[in-house]
Amino acid sequence: MKRIIKILIILTITVAVIVIYLSIYGIKTEKFNNEIKKNVSKTNKNINLSLNEVNYLLNPLNFSINISAKNPKILLEDKSLDLSDITTNISLKSFINNQFSIDDLKISTKEIQIKDLISLTRKVKGSPQLFILDSITKAGLISANINLTFDLDGEIKKDYQINGTIKKAKFNIFDQAEIENLNLSFDISKNQLTLRKVETKINNIKLKSSLIKIEERKNQFFIEGEMISDQKNFDINKLKPILGDLLSAIEAEKIDFNSINTFSFNVNKKLKLNDLKLETDLNLKNFKLLKNPLNLKTFLPDYTEQVKLEDHKVKIKLTKGILDIKGGGDIYIGDELEQLSYSIVNDDGKIIFDTKLNIRKNPLIINFLDYKKKKGDSSDIFLKGIYKKNKELIFQTISITEKNNQILIKDLFLSKNFKIKDLDYVKLDYKNKNNLLNKIELKRNKSNFSIKGTSFDATQFINNSMDDDESSTIFENFNSKFDIKIDTTFINKNDYTNNLFGNFSFKENKLDKLNLESTFSNNKKMNLSIQTNKQKETITKFFSNHPKPLIKRYDFIKGFEEGYLDFYSIKKDGVSNSVLVIDNFKVKEVPVFAKLLSLASLQGIADLLTGEGIRFTDFEMRYSSQKGHTKIEEMYAIGPAISILMDGYIESKKLVSLRGTLVPATTINRSIASIPLLGKILIGEKTGEGVFGVSFKIKGPPKNLSTTVNPIKTLTPRFITRTLEKIKKN
């Protein structure tokens with residue numbers, strides 16, 4: 001009995017030692033390599049496994065054997081993949097019964113080339129996605145630990161776990177985005193990929209992320225995560241391949257910024273992205289546009305093409321294709337720092353904007369309103385509206401506020417050519433450059449408008465109305481009637497009319513009818529009418545028995561007094577033919593004519609220019625105009641002291657060219673008294689006698705006219721004929 005017990009003890013100790021040895025050291029053998037390869041090939045018949053010695057380690061607690069192989073290789077046709085080790089467990093019962101089946105499999109890879117892994121995977125199971133991934137992958141290393149479990153049929157269960165790292169990866173996505181130096185760790189489980197400690201450069205933008213999740217949902221992948229960027233001296237041109245037309249008109253220097261970005265989107269199996277959501281907190285430290293497509297120098301004289309932004313805090317949201325940008329900060333206009341805030345929403349090409357610009361250190365000029373803000377005065381500019389996909393623009397609000405001055409426009413509808421298609425409301429309440437108050441309101445009444453106010457300076461309006469350029473119309477598809485009533489209307493800085501009233505209408509963008517009446521402070525009248533007839537001729541009539549305020553705007557005529565003015569014009573196809581008549585007036589100072597008289601040594605007449613003035617009983621000018629070119633067919637003036645006849649042309653704001661004859665009226669009267677002996681008018685009673693006068697030419701820029709004169713002894717028949725006509729008429 002003792003012998004049996006002793007034998008059992010020895011056997012037990014022996015078995016225990018063997019179990020302990022097998023549990024700690026195991027055994028190495030190649031005996032079962034073929035069985036292992038056979039079971040691995042069950043996962044894919046195209047995969048071959050190259051094994052050296054395999055270590056078998058007993059796990060008595062689980063009654064299983066752990067099998068591990070160091071430095072094996074996966075072989076597939078001409079491709080091989082070096083592994084670090086492969087580990088699996090089989091039940092001891094299966095091992096004893098020679099039922100060698102793998103329950104799980106653990107694979108650890110060495111650092112291998114990403115392209116080699118993709119290429120090997122494509123050979124196992126090709127797909128368009130792997131082809132695209134292979135084409136965009138340029139470099140990089142990957143290492144992984146793969147944990148697989150198998151069912152009784154040798155199929156991989158869905159509870160697999162894969163983790164690893166990617167280092168120094170590089171991708172080029174269709175020459176639009178370049179991903180460089182990508183480093184991260186990853187975890188893959190059923191339907192989910194988690195990326196951690198992501199660091200990379202996308203088009204030279206440094207990006208970091210602590211976590212990105214990718215989850216498979218109904219044949220597509222849902223991706224969400226966070227990215228952080230801190231970038232200095234970034235070249236914005238590197239974004240042009242990605243953003244395309246958005247940056248095509250922008251030339252910018254390098255910029256400094258940092259941002260925190262959270263995002264999510266879906267990618268289908270054709271790698272098409274959809275349902276993108278993005279939230280970005282952007283700190284734009286420094287950004288300079290070298291060339292800005294907006295030309296604002298007309299309004300901001302110190303404006304340059306370079307626009308510099310500093311310290312802008314911007315929030316960007318992208319949801320369901322709607323891009324929402326809100327921000328604000330400092331903006332340099334010229335060398336001065338101003339304040340800018342903005343809200344921009346892009347909804348499928350329709351841009352909704354709401355901006356505010358505070359200008360303190362820069363002047364602001366609006367020429368067509370004769371408005372100017374001085375440096376140092378604070379002005380707030382509000383712009384709110386919609387820019388449509390068809391390039392039409394709706395300003396819901398345009399507001400300029402500065403001290404007691406306000407300019408407000410509501411619902412201004414502009415065509416893609418920036419012509420006015422519609423308008424709802426305008427309020428002007430400001431003092432202009434002449435320190436004159438403009439206080440009027442324009443209101444819509446169905447399809448028509450009313451203009452009412454207490455004060456309006458029409459100086460700039462009158463100057464602009466003299467432009468014959470047909471292309472200067474500011475309207476498109478505009479057909480409306482305006483009723484107007486203004487208490488005080490300034491013609492210039494010192495002259496005004498009272499109770500301006502009447503109406504005017506537009507038809508097919510052009511002024512069709514106009515009737516205006518007003519009264520000067522001396523109770524003298526002024527009225528203007530414009531009408532287009534069936535022959536499409538525009539007929540303009542203007543009359544005033546107090547023309548002095550209107551004539552004095554011409555620099556070369558000073559001291560115009562008394563008389564009345566009658567103007568008549570017919571315009572068709574851009575060509576106007578006009579007659580201007582001024583009767584019973586006198587001029588105290590006409591600098592050009594004074595020079596003519598003094599050069600001609602016509603004593604006595606020149607002296608009149610500094611005294612009571614030269615009186616004219618009749619002035620008539622016939623001329624035609626087209627696109628800034630005025631041809632004076634005849635300008636004739638006759639008076640008790642002097643008569644003038646001339647013709648020529650004027651190119652608007654460029655050149656004046658006039659020629660004519662100036663004769664003392666006393667000589668004419670003496671000559672006419674001798675009629676019917678007309679020969680005496682031309683040659684006088686004796687040889688050497690005749691009618692004295694001046695032949696002259698005036699030429700040059702409007703503000704720098706030069707004059708040449710020649711005394712004459714004989715008048716032209718045309719001069720005599722016109723003089724006789726006037727005398728007979730009177």
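Asp-422, Asp-424 and Arg-444 are linked in a network of salt bridges. They belong to a predicted model of a protein with 730 residues, 41% of them buried. The chain forms 13 helices and 44 strands.

**Whole protein**

- The accessible surface of the protein comes to about 42,600 Å², and carbon and sulfur atoms account for 54% of that surface.
- Contacts between residues at least 6 apart in sequence can be sorted by how far apart the partners are: 46% of them join residues at least 24 apart.
- A search of the whole structure finds 15 salt bridges.

**Salt bridge between Lys-167 and Glu-111**

- Lys-167 pairs with Glu-111 in a salt bridge, and the closest N and O atoms are 3.0 Å apart.
- This pair links distant parts of the chain, since Lys-167 lies in strand S10 (residues 161-173) and Glu-111 lies in the loop between strand S7 (104-109) and strand S8 (112-113), 56 residues apart.
- Lys-167 counts as partly exposed because its relative accessibility is 37%, a value that falls between the 20% cut-off for buried and the 50% cut-off for exposed.
- Glu-111 is also partly exposed, with a relative accessible area of 43%.

**Salt bridge between Lys-315 and Asp-281**

- The side chains of Lys-315 and Asp-281 form a salt bridge, with a distance of 2.7 Å from N to O.
- Lys-315 is in strand S18 and Asp-281 is in strand S17, so the pair, 34 residues apart, links distant parts of the chain.
- Lys-315 is exposed, because its relative accessible area is 54% and exposed means over 50%.
- Asp-281 has a relative accessible area of 39% and is therefore partly exposed.

**Salt bridge between Glu-310 and Lys-308**

- The side chains of Glu-310 and Lys-308 meet in a salt bridge, at 3.4 Å from N to O.
- Glu-310 counts as buried because its relative accessibility is 18%, and buried means under 20%.
- Lys-308, with a relative accessible area of 23%, is partly exposed.

**Surface patches**

- A patch of positive charge on the surface gathers Lys-481, Lys-507, Lys-510, Lys-513, Lys-536 and Lys-572.
- One of these residues, Lys-510, lies in strand S33, which covers residues 510-520.
- Lys-510 is exposed, because its relative accessible area is 54%.
- A nonpolar patch on the surface is formed by Leu-296, Phe-299 and Phe-368, which together have about 290 Å² of accessible area.
- Leu-296, a member of the nonpolar patch, is found in the loop between strand S17 (273-291) and strand S18 (307-319).
- With a relative accessible area of 32%, Leu-296 is partly exposed.

- Leu-442 is part of strand S29, which covers residues 437-445.
- Leu-442 counts as buried because its relative accessibility is 12%.
- The C-alpha atoms of Leu-442 and Tyr-425 are separated by 5.5 Å, although these two residues are 17 residues apart along the chain.
- Leaving out residues up to four places away in sequence, Leu-442 touches Leu-423, Asp-424, Tyr-425, Val-426, Phe-449, Ser-450, Ile-451 and Phe-482.

How values were computed:
Residues numbered from 1 in each chain as written. Predicted model: local features only at pLDDT ≥ 70, side-chain atom pairs only at ≥ 80, totals over all residues. Heavy atoms only, no water. Patch = residues over 30% accessible without salt bridge, like charges linked within 9 Å, V, L, I, M, F, W, Y side chains within 5 Å. Areas by Shrake-Rupley, 256 points an atom, 1.4 Å probe, with all protein chains shown as cover. Salt bridge = Lys/Arg side-chain N within 4 Å of Asp/Glu carboxyl O. Lys, Arg positive; Asp, Glu negative; His and termini not counted. Charge placed at Lys NZ, Arg CZ, Asp CG, Glu CD. Helix = DSSP H or I, 4+ residues; strand = E, 2+ residues; numbered from the N terminus. Buried < 20%, exposed > 50% of the residue type's maximum accessible area, 1.4 Å probe, protein only. Contact = heavy atoms within 4.5 Å.
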